[in-house]
Structure formats: structure tokens, C-alpha cells
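The sequence and structure come first.

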Amino acid sequence: MSIVQEQRWNPIVWLGELVIAPVSVVGDFALFALLTLRWTFSRWPRGNVLWTNLYQIGVLSLPVVMVTGGFIGMVLAVQSFDQLRVMHMESRLGSVVNMTLVKELGPVLAATMLAGRVGSAIAAELGTMRVTEQIDALEALGADPIQYLVVPRFLGCVLLIPMLTIIADSVGMLCGWIFSATILGINSYYYWYHTYAYISLLDVYSGILKSISFGAAIALVSCHRGFHAKAGAQGVGTAATQTFVFSFVLILFLDFLAGVILSQVYIWLDSA
């Protein structure tokens, strides 16, 4: 057994790698995010580059987001109706479905779908550019790859994912109402009456704020993984897979963090 293999099986070396590797990745990701933010606020990307990314991120994601939102609304109506029928509160179905859509499931599931479609595509594209040395060529020409490649995608995700979330919420509310009124027999007046009574603008704004953070997380993770893709087709595929997994975990973490903060805001506003 060689010296390298002996060191690899050494428990102290293995424990050190287990601790150092995640810290190194987190630190590198933090520096990558700071550089992205610096370029975002210091120089606006060129129009043709930005509009291309806006089209790919926003317009091409509309069908997926609308289908996702529609089925979320109908599934929530089916599941909530059985629970409310036991308590003879079927007329309040609209408040339950739409509140859940606006505050939680709409932003989270829309961001999850976009992490799979947009994030993986960005990681695969940038990973291919890394493998084929196109990113190195940009550096050799004097251009900053983060300013040229990352910032337009970051702005596209931050600006458009909240809008896509609003579309998903709207389609989900519409489909939930149609399904509740036609299939479940809920009176449309009471459906929307309880919706307006229980949903406030703060609930809508909280969902939008969540989606902004989700969009930033998807963009940063996908670009970071693409920039650090390893050589070969397997390396690009691994980068795309890691993008979806890391983005999904980060979305759940940010949703939990935002939920804790917003709950305190609700308590403060009620006591004020």
C-alpha cells in the first residue's frame, strides 16, 4: 500500500477532510456570492445578454409554473375539503387553500420546479463552458466571468422568479376555486368571502419576499456548481444534480428561517 493510500485510510486524515471540505465549500460559495453582489451593484450587464437570460428563465418557465400552480390548488382543495367537512366548515375552504398557496406551498413548490428546470440548465451550461475552457478564454481576454456570465442569470432569477410565483399562486387559486365550485359544491360567494377575510397584504408580501430569496439561492448555487464542474460529461451531470439537491435544501432552510422571522413580525404587529 502506497503512502497516499495509507494516509487516505488514516482516521485522522479522514476526519480532517470531513471537516475541512464542507467549510471550504461554504467559504468559497460565500466569496462567490459576494463577488456576484458586487458586480450586480457596480455594473449592469449588457441588454442583449440580460434579455436572453430573462427569456430563458421567465418565458420558457411559464408552462411548468402554471401547471404546477394549478395542480397545487386542486390538490389542496381535495385534501382540505375532507378535513373541513368533518367540522362542518366547508364554506371556509377558500381561506385554507389560498392562504396555504400564498404563504407556503406556492413559493416553495414553484421555486423547487424552477430549481429543477432553470438551476440545472444553468449549471449544465456553465459546467460545459468550464469543461471546454470557454470561461478560461473569457479570463484570458480580460473579461470577468462572474460579471459576464453570473450577473445576468442572477438578475434573471431574482427578478422573474417572484413574478412566476405570483402567476403560480394566481393559477392555483383559480383552479382551486373552479374545482371547489364545480366538483365539491362550494358556494363561490363564501369561497372568496373567507379568502378576502383571512388573507392580508402581509401574507402576499411574505410569499413574494420568500420567492426573492429562493431565486437568489437558485442562481448562486447553480452558477457556483457550474463554475466548479469537473472535467467530462460525468462532471457536468454531477454539477447539475448537485445544483438541484443543494438548491432544494437551501430553499427549505430559507423557508424555515423566513417563517420564524415572519411569525415574530405577525406577533409584533398584533401587539402594536
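Which residues does phenylalanine 227 touch, not counting residues up to four places away in sequence? They are Phe32, Leu126, Arg130, Ile135, Pro145, Ile146, Leu149 and Val150, where contact means heavy atoms within 4.5 Å.

## Basis of the model

The model is predicted: local features need pLDDT of at least 70 and side-chain atom pairs count only at pLDDT 80 or more, while totals for chains, interfaces and linings use all residues. Residues are numbered from 1 along each chain as its sequence is written, and side-chain values use heavy atoms, with hydrogens and water left out.

## Overall layout

The protein chain has ten helices and zero strands. Helices (H or I, at least four residues) and strands (E, at least two) are DSSP runs, numbered from the N terminus. The C-alpha atoms fill a box of roughly 70 × 50 × 40 Å along the principal axes. Among contacts between residues at least 6 apart in sequence, 84% join residues at least 24 apart.

Of the 272 residues, 40% count as buried; the cut-offs for relative accessible area are under 20% for buried and over 50% for exposed, with partly exposed in between (1.4 Å probe, protein chains only). The chain exposes about 15,000 Å², and carbon and sulfur atoms supply 71% of that area. Accessible areas come from the Shrake-Rupley method with a 1.4 Å probe; for residues, only the protein chains shown count as cover.

## Nonpolar cores

A nonpolar core is a set of buried Ala, Val, Leu, Ile, Met, Phe, Trp, Tyr and Cys residues joined through side-chain atoms within 4.5 Å. The largest one has 40 residues, of which Leu126, Leu149, Cys157, Phe227 and Ile251 touch the most other members. Two or more residues each are given to this core by α2 (11–42), α3 (47–57), α5 (93–131), α6 (134–140), α7 (145–182), α9 (201–227) and α10 (232–271). Helix α7 makes the largest contribution, twelve residues. Another core, of twelve residues, lies apart from this one, and its members include Ile72, Leu93, Val97 and Val102.

Phenylalanine 227 belongs to helix α9 and is buried, with a relative accessible area of 9%. Leucine 149, one of its contacts, is itself in contact with Leu126, Met129, Ile135, Leu138 and Phe227, leaving aside neighbours within four places in sequence.

## Helix α10

The 40 residues of α10 should span 58 Å at 1.5 Å a residue, and the end C-alpha atoms are 58 Å apart, which agrees. The expected span is 1.5 Å times one less than the number of residues. Buried residues of α10 include Gly235, Val236, Ala239, Ala240, Ile251 and Leu262, as well as Thr243, Ser247 and Asp255. The buried residues of this helix pack against α5 and α9.

## Two further sites

Glutamate 133 sits in the loop between α5 and α6. Its phi is near 65°, a positive value in a residue other than glycine. Is glutamate 133 buried or exposed? At 52% relative accessibility, glutamate 133 counts as exposed.

Histidine 194 is found in helix α8 (residues 188–198). This histidine is buried, with a relative accessible area of 8%. Apart from neighbours within four places in sequence, histidine 194 is in contact with Ser91, Arg92 and Ser95.
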